[in-house]
Structure formats: structure tokens, C-alpha cells
Amino acid sequence: MTKIFPVLFFVSFTVHAQTAGGPRIDQLGIPVTGQGRLFAYSNKQAGTFYGEVNAQNNSGWRGWYINAENLLRDYEVHIGGTLLDRTQATTIVFPHMLRRTYRNGIEETFMLLDSINAIVVSVKLPKPSPKKVEISFFYAADVISTFTENGFSFVSLRTTNAAVPSWICSSSSNHEAEMSLYGIPFSGATFAIAAASSQEEAKDLCTFVLNNYDSLIAARKTRMESLLRRSFTETDNSRFNKALAWAKLSLDALIMNQAQEGTPTKGIFAGLPWFNNYWGRDTFISLPGATYVTGNFKDARKILLSFSRFQEKDPASANYGRIPNIINPNSLAYNTADGTPRFVIELANYVRYSGDTALFHDLWDVVKRSIEGTLKFHTDSLFFLTHGDAETWMDAVGPNGPWSPRGNRACDVQALWLEQLLSAAAIAQSVGRDREAVQWKAIAATLEKNFDNYFIAGQTDIVYDHLKRDGTPSTEMRPNQLFCFDLLTSDERRHRMIDSVAKNLIYPYGVSTLAQTDPSFHPFHHYEPVYVQDAAYHNGIVWTWLNGIAIDVLTRDDLQEVIYPVTQNMVHQILDRGCVGALSELLDAYPRDKGDEPQLSGAFSQAWSLAEFIRSTYQDYFGVSADALEKRILISPKFPEELGNAAFTFRVGAASINAQYKINGDTVHVTLQPESKLTETYTVNYLWVYDNGDAALTDAVLPPQTKLEIIHSKENLRIIENGKTVDSENTDSQWYRKGFSEKRNFAGIHLATPTPGLDIPALHSPSFAMLNLNQVKHDNPHAAMLFDEADSSGDDKGNSGTYTYPANVNFKPGIFDLTRATVRYDSAYAYFTLQFRNLSNPGWHPEYGFQLTIAAIALNVGDDSGSVNIGNNSQFILDHRFAFQRLIMVGGGVSVSNAQGKILCEYLPQPTDIKNPLGCTEQKKVEFSIPLKYLVEQRGRPQEWKITILVGGQDDHGGAGVGEFRSVGKRTGEWNGGGKLNPEDPNVYDVLVLQ
């Protein structure tokens, strides 16, 4: 991290403009004292900033990102030479900015601005003072040059993408600088930091921000308040109201216009910090909560069109018809089976909400290809959709393959495929393609029948999680069966599934991915050094987005009070934990200690987590859904008692409708008041279920310019239009149904709780030795030298001399180029030093000291036996003369295995190991020691050793740990190298032999 020395500015503090009327952003502030909470903002284009509220940023994932590239890690402010210590601040975080107040009364505000790449930092002094106000910056990108010119400070950065700014300019108002020059006291300072592709553009943008700061921040607030007015929501629970408003704004902040191959592309960032790109699956899951229920049809349309552009159109490709799962600034990936079904489903849902049937016509070819490609490449004889082990949302992969393999027919994928077929058939009918509609409906009917025959377990009615390639079912208890609710053919089956899932998987704080009785259950996401985090990713820990489907399924049987604790916990997280105003990707399944809450983990602001919280509020608790094509509105509230009464706005077609629920004992008063844009009469299907299981059930009509009221108790019902009663009935009429609800079948239902004393195999120590920092960083300056050999610089191009590095900026030139290796030994240890032309430390795991470089050290100890296959995705075969008896892998830790692949010992760095990490980027070397007993069977002779060192890109698949060799392909990608002439060639860039 590069620190640029302070630039002196003197500027007045600017008071924020206020937006009159409606929900006030200023009322949503969340106070934060102490350390540990994060904040996140976006500029709604391709820029984000996230960091510590009351501390300096201490992670490589934090800071200012533009088009997924980290430019600025953090900044510091000094007043009169004294640092403003954030740890001593009390902060209020607002949706548009944060304000830190220090003990001496100084106020500092921080904000991003909409649509431009600029940051504003303002400092307000408690009283006028001539003290110097200084700001300094910590840059994440490599700094090429810095200079000051006419009151502007410029920094030139080395970036890898033309869409990423390479110049940063910071400045202030000259007027206040002149005041300080003449000793005139002033009351504060405002700093503008702008990024652009050229020095001149950066200066112009910086000047624009300084001259228009008032209007820019006012516009940002106005945009946010307009969103809250458009989707107005208020219940009797003020904490819920505040959390819901924050969720809407935090999710809207993830709707971006990031460039893809230079073209701005509308999408939803999957999550911050590390998912600052577009994921198809995540986007389509997020669309209802992010856009439909909030009435943001404009963005929904653009997002669907954006993804449709990247559909695979080559009929010969196995991905034919697929919508990409990942859209990065420089690459695409089609590695999911469920993203494409969700695209078609959400296209249909979008049109139902918006009435925009023109999009059916525009995207008909996309829909048709999506079905054709699946039928051609990805269905079996039963019409089940087939897929790889890691092609569902449970997609974590490690060096030994998927951590939770679900190939080749997962239950939720079949449910989505069925819904895709039915949605596509409806679209086909809409555009006049009846032949396809008939064909796809017939396939759907066959699929539904086969699901019942193959995915339901006999007498128990368990829904199998997946069918394996050999046809045998998997009996793991996972939450994916919730997505199959509509495929269960009897109420009894549904009841059993709900009861079983609730008791085994749904904790009061969220939905677990695996039952705790399963041998593969992992209760904690991070439990190093016993296992790496991806081992737990889909094998026990809680995924917040799954709360949405759990709420949806349980409220269908009027179990809202059973499931509502999950919502309460999400409210608690948004307001009191983690990233302010956001929901995390994950939680541990168990608290670490008695009395603690489960730890938050994963991405700290996850789009689908937020979206499902919002969607479930509208569609499940408020019970509102609309169909602009059928001119129908469904009102079926499943209202938790804690929310009391409610008033909210929803949109159907071009019209907004204001709704209100007033509940007074057994009397319920529902009002629908459309705005003027409602031009057609809608049918309203109304259902209210009382606590005793009785229900009020009626139909009404909502004509344009009509206020519709439905008032009922257990004795009578009235329907009123514009103040005039049009229908009045008593309990003898058909509208009142006694014993209507199925909730009577769930008398003993409860949510899951951790089982004390349960023997959990995953928490057992591994069968091999775990080394600690003292062992891997042991040193003996008197150890005997065994090898000390230099290697040519610049030979990191593979055996063909054509290899290129991955395109991501963190793969710095030279990190795969070994330039020297030394090996020493004494009676107890062997000592290894690997010198490189360069090393990279992105900061993702600072305890490693480096990352993205991996080395395999094949040790021949003089025996005739051994292995020549390095494995670990190296694709490298040794000369038989150098067959190894021990293989040392060095990446996100160190592991030693024998020729048969059995691990003998391993070191996984702990956060505290940052004091003496394996790698040092300043010295560009990796140093470690290994107890000699793990390298030789008996008292061996190191003098007989022969060593082959292979170097390449380290790939831990995002899950930490030692990792394996990163693949090299024909073409360079963001995360894979290129230039390989033969697919069978090694994924190794540099080789050094010591003998």
C-alpha cells in the first residue's frame, strides 16, 4: 500500500441541501460507536467504496474500486499536524454518507457522488481556526508518478483495463487557501478526489465537483428519497421500517452500470466486497426484491436485456442457449445450470408486473434458444435437466473437486427447469408461437410426473437433494427441497417437508445448508486450521438469501409467527451488526460460545440476501402480487403480529397503488387507492386468514379512480367503492370459511437449534500433523547449505515460451518468475528460501504475506521409488530420475505429502501469523522451514536430495488454503493465464532443478 504525502487544502464546509417532503434520508442515520462495523457506498455506475466505520481500512478488499479494480485503499486527515483518530470517533452512517464526530468537536463527512468517479471528504471545525487541514491517501494500485500543479494534486496509476481510471486528482477551493495564507481563520475544509482516464479529465471532474458539490449531494439524496416514496412502506414497527428502507437503498446501490469489454452494462453486483461484478443466478434471484416490488421496472428491463446480449448463440457449443453466470469487465462464464431457467422465469415475472409484452417479442429468440440448448445438450431420457457437480448455486470447488457435489440432477434445478418450460410456453403463446407452447407444456407434464416418481422417497416423502449420475439418490437433508414445494403432489407431503426442514435446517437466525446430524456438517465458516472455509460453504453454515424461500413456503401454511424470528434477526443485522444497512452473505450455523450470536461471514453486503428480505415483505407478509396481463391483484396478507398495521405502495403496469391494512382485534380494514395512471379495471382476489384458521375469502373489482375498501370481522364483510357499500354479507355467506388454514397440521412445529454435545466429525483435528508458526518460521543461521542456485530472470513463460499472466491487476509481472532458491538443513529442520522477480499481496489474506503464486517442491531423497506426477492441476510429469518421495506445496500455507498423495503435515496461516508471514513482497521472497522428520522416513541424508521446483499461479478457488496450480488456457482471461499451445501442456510457468 503506497502512502502519498499530505496535500494542504483550505476549504469551507458545505451544508447539505435538504429534500422537502416524503421520507427523509437524514432520519435513517445509524449511530456507530467502537470498531468492527463496515460501511459501503456506490456511485451507481462502476464505483464503490467500503471500509471501516471507526477505524482505518485494514483489508485488501476495502477502499475505492472502479470497474472491479482497487485504486485507493484509504485516506487520513490531520488537523494542525494531529491525526483524526477514527477509533475515537462517534459516527452516524446515513444511506448517502457518513459523519464522524471526534472528541474535540471536529466533524468529518465522507460520501460518493452519483454517476461520477469522485469522493468528497469534508471537515468542519467547532470554531474558526487557522490550523492546517491536511489529507493524505493510501493507494492500492501501483503509483507511477505524483505531482502538484496550480493547487491540484495529481497521481498517475498503473491499471490494467481501459475502463479503469488511471489518474486521480484532488483539490479544493482556492478562496479558502488565500484566507489561510493571510492568517484569516476559517471553519473547515472540503476535499474533492476525482478519477478519470487522463490528467485533464481528472482535473476537470475535480473542479466540477468543487463547484457543484451542493447540487450533487442534493441530487443523490433526492434519488434515494424518490425510491423510498415510490415504494413507500410503513408498519407499526419502527425498527422494521428503518431496516426495510435501508435494505432498499443498500440493494439499489448495487444496481450498477459496470463496463463489460468497454461497454457500460446494466446489472446488479452480487455482493461487496469481492463480488463486485454481475452474476446471472444472483441477479435473477435479486430482481423481484430489487425492482419488481419497488416499481423499478426501467432497471429490470435493462438488466434482462443486458444479460440477453451475452447468451451463447453457437449451436455447436455445449453452452448453447445459456445465459452467462458471471459477467466480469473482461470475461464471461457460463458455469451454471440454474441461471438460464431463472432468466426466463424472471422475464415472465417482469412482464406480469409491468405489462411490457413488447419485451416478450424482443427476447423471443433468446427464450427459444434457452429451451433448445437445454434439450439438445442437458437433458436425459426423463427430461431431467443434467448438469455438473458444481453447476448449481452450491458451487464451491477446491483442489480435490466440488465441496458439495450435486451432479448430475439436483432437485431445485428440476423445479426451475419445469418453471422455465411453463414460463417459456406462456411467452410463446403471447407472441403467437403455439407450436412451441404445446411442445414445451408436454415436456413439462412429463417432467413433473417423473419428478414425483424419482425424487420422492417412498413412505417418508423425503425430497431427494439430487440424483447421482448412476441414478442413485442423495438423502442429504438440504434446503434445496424448499424450491420444490409446488412439485409435491399432496398436502401431506408438503406438511412433512415443511415440518422436517423447519426442525432440521431453519434456525431463528437463518437457513442452514445441511442438517447438523449429517457427517459432513460444518457449523462454522472459518475454522482454520482444521478446515478451509470453502469446506463449510454449502455444508452447514447459514445462507441469508435462503430466508426468502423459507418465509415463502411457511407463510403459505400461515406459519408466519413461526418463521418471523428469521426476519427479526435480519432487521437486527441491518441495524446493529456487520455492514451498516446491509445483510451478509453468510452466518455460522452455531454460536462460537454460549451467549454469543453466530458470526457473520462472507460478503458483507449481498444482493440476494437484501432482495429476499424485501421481496418476502411484499409478497409473503403483505401478501401482494400483481398480474398486469390478467388484470389481477392478489391480496393475501400473512401479517406477523409484531408489525401491527401497515401502509405501503406497490406498482402494477404504469400505475401505483397505495394500500393500507388496519387491524383491530378481529376487524380488518384493507384499502386500495390507485393513482391516476390506473386505466383499466383489475380483479382483486382477497384472502385473510385468522389466527384460529378461519378465513375471509372474497373477490372485488378495482376500477380506475376508485378507492376500494374491504372491511370484515368474523361476523360480516363489506366492500366499499369510493365510500359507497357495494356488497355486504354475514358469516352465513360463502366468504367466511371455517377451518380454512392448514396450520392446524403443525401443532408441534419449531425451528432448529444447535444440539449441545453433538459429535461433529468436521471439528475433529485432521489425521496429519498441523504445523504452527514457530515450526514453519524456525531459523538457524548456522544451518548447513545444501543448495543455493540462481535461475534466469524472465523465463516465466512456460515450456513453450508463450505463456501470459492472467489479466487481473493483482497478477503483477514477475510473480511466477523464480530467480533463486536456497535449501539449508540441520539435524531437525530443512529451510527453504524462494526468491522471485516480484511478489503480490492483494491483502485478501494478509497473514500469508503474499498470494497468487504457488510452488511445488518435488523432493527426491535418494530412493528408487517415487511418483513423477505432480498433480495439483499442474499437469506436470517429472523425468523418472527426479521422481519424488515428498511433495511440498507452498501457496496459502504449506503442505507436505508422500508419493501416494497422503498429507503428512500442513500449515495454514492464522490471522495472528501476520507478524511473521511466509512471504515478503518487499524482499520478494518466500521463506519457511519444515521439521526434517516429515521429509525423510528415517534419519536420511539431505546430501543425496534432488529437488525440482515448479512455479505457477495459485488458485484456492476463493476458499483459502494452500490451493493448486491455476489453469492456463489458449486465451488469457481475468483469472487464467493464456498462450498455451496444447491443452495437455503443464500449467507451470517456471522450473528450476536442484541436484
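The entries below go from the whole chain down to single residues.

**Entry 1: the whole thing**

A reminder to myself before anything else: this is a predicted model. I started with the secondary structure and got 15 helices and 61 strands. Next I looked up the radius of gyration, which is 30 Å, close to the 30 Å from the globule rule for 995 residues, so the protein is as compact as a globular protein of that length.

How much of the protein is buried? I get 61% of the 995 residues. The exposed surface comes to about 37,100 Å², and carbon and sulfur atoms supply 48% of that. I also checked the contacts between residues at least 6 apart in sequence: 66% of them join residues at least 24 apart.

Then charges. I have 89 positive and 109 negative side chains down for the protein. The centres of the two sets lie 2 Å apart.

Val511 stands opposite Trp543 in β34. The loop between β33 and β34 holds Pro529, and the peptide bond from Glu528 to Pro529 is cis, with omega near 5 degrees.

**Entry 2: hairpins**

First stop here was β10 (residues 107–112) with β11 (residues 118–129), an antiparallel pair with six bridges. Leu112 has Ile119 in β11 as its bridge partner. The two strands form a hairpin with five residues between them, and Ser115 in the turn has a positive phi of about 70 degrees.

Then I moved on to β45, β46 and β47. Strand β45 (residues 708–712) pairs with β46 (residues 716–721) over five bridges, antiparallel, and a hairpin of three residues joins β45 to β46. Strand β46 is also joined by six bridges to β47 (residues 724–730), again running antiparallel. The hairpin of β46 and β47 has two residues between the strands, and Asn722 there takes a positive phi near 50 degrees.

Which residue of β46 is the bridge partner of Ile711? It is Arg718. I traced Arg718 the other way too, and found it opposite Ser728 in β47.

I went back for another cis peptide bond, the one joining Gly407 and Asn408, where omega is about 0 degrees. Asn408 lies in the loop between β26 (401–402) and β27 (409–410).

Lys44 has a phi of about 70 degrees and sits in the loop between β3 (38–42) and β4 (47–52). Is Lys44 buried or exposed? Its relative accessible area is 10%, and the cut-off for buried is under 20%, so I have Lys44 down as buried.

The other is Gln875, with a positive phi of about 55 degrees. Its place is in the loop between β53 (853–860) and β54 (886–891). At 36% relative accessibility, Gln875 counts as partly exposed.

**Entry 3: Asn810**

Last residue on my list. Asn810 is in the loop between β50 (784–790) and β51 (818–825). With a relative accessible area of 18%, Asn810 is buried.

What does Asn810 contact, leaving aside its neighbours within four places in sequence? I find Ile815, Ser840, Pro842, Trp844 and Leu852. I looked up one distance from Asn810 as well: Glu642 is 168 residues away along the chain, and the C-alpha atoms of the two are separated by 49 Å.

Terms used:
Residues numbered from 1 in each chain as written. Predicted model: local features only at pLDDT ≥ 70, side-chain atom pairs only at ≥ 80, totals over all residues. Heavy atoms only, no water. Helix = DSSP H or I, 4+ residues; strand = E, 2+ residues; numbered from the N terminus. Rg over C-alpha atoms; globule rule 2.2 N^0.38 Å. Buried < 20%, exposed > 50% of the residue type's maximum accessible area, 1.4 Å probe, protein only. Contact = heavy atoms within 4.5 Å. Areas by Shrake-Rupley, 256 points an atom, 1.4 Å probe, with all protein chains shown as cover. Lys, Arg positive; Asp, Glu negative; His and termini not counted. Charge placed at Lys NZ, Arg CZ, Asp CG, Glu CD. Pairing = 2+ DSSP bridges.
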